[in-house]
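Dear colleague,

I am passing on to you the structure we spoke about, and below it you will find my notes. Please read them with the model open beside you.

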Amino acid sequence: MALKSNPALRNLQGLEGVSQLANLLVIGNAKLESLEGLSALETVYQDLTIGSNAVLTSIDGLSALRAIDQNLIISNNPELTSLDGLSSLERIHYGLEITTNPKLPTCEAEELRERTGVPQASVINNDDSATCP
């Protein structure tokens, strides 16, 4: 499923019944404020990409997500401040890329990397000065 360049999209309401997806790309949605609507999503069989969403502050709508069978990419989200929405994520099978999210604490990305045991990770250009609880 690709949600790309939707100029009026503010959330993902209407997708509440979706529990599995092959791919999910959420890219370039200028007014997307939240991922609310994906609360039932448990598994992404390939890649989950969240990128270049100008006003997205959190990914709390992904609270049921347990596994990503390939890659998780979170990049270029200038207002993203937290990865708390991924607190149920147990496994990323292949790769993690969390880059260029200037308000996202680097320590949150590093904690996610450690918790999921992902074999390949790139965590750069986030907020290195922030602290984590």
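In what follows, helices (H or I, at least four residues) and strands (E, at least two) are DSSP runs, numbered from the N terminus. In those terms Met1 has its place in the segment before strand S1 (2-4). Please keep in mind that this is a predicted model, in which local features need pLDDT of at least 70 and side-chain atom pairs count only at pLDDT 80 or more, while totals for chains, interfaces and linings use all residues. Residues are numbered from 1 along each chain as its sequence is written, and side-chain values use heavy atoms, with hydrogens and water left out.

The overall picture

The C-alpha trace spans about 35 × 25 × 20 Å along its principal axes.

Of the 133 residues, 45% are buried, where buried means under 20% relative accessible area, exposed over 50%, and partly exposed in between (1.4 Å probe, protein chains only). Counting as contacts heavy atoms within 4.5 Å, residues 24 or more positions apart account for 53% of the contacts with a separation of 6 or more.

Two residues in detail

Returning to Met1, this residue is partly exposed, with a relative accessible area of 37%. Met1 and Ala22 lie 21 residues apart in sequence, and their C-alpha atoms are 7.6 Å apart in space. When neighbours within four places in sequence are left aside, Met1 is in contact with Leu15, Leu21, Asn23, Leu24 and Leu25.

Ser58 is found in the loop between strand S5 (48-51) and strand S6 (67-68). Is Ser58 buried or exposed? Ser58 counts as buried, because its relative accessibility is 16%. Its side chain is joined to that of Asp60 by a polar contact of 3.5 Å, a term that stands for a pair of N or O atoms within 3.5 Å, of which, within protein, one must be able to donate a hydrogen and the other to accept it, and for which residues adjacent in sequence count only if both atoms are side-chain atoms. Apart from neighbours within four places in sequence, Ser58 is in contact with Ser34, Leu35, Leu80 and Ser82.
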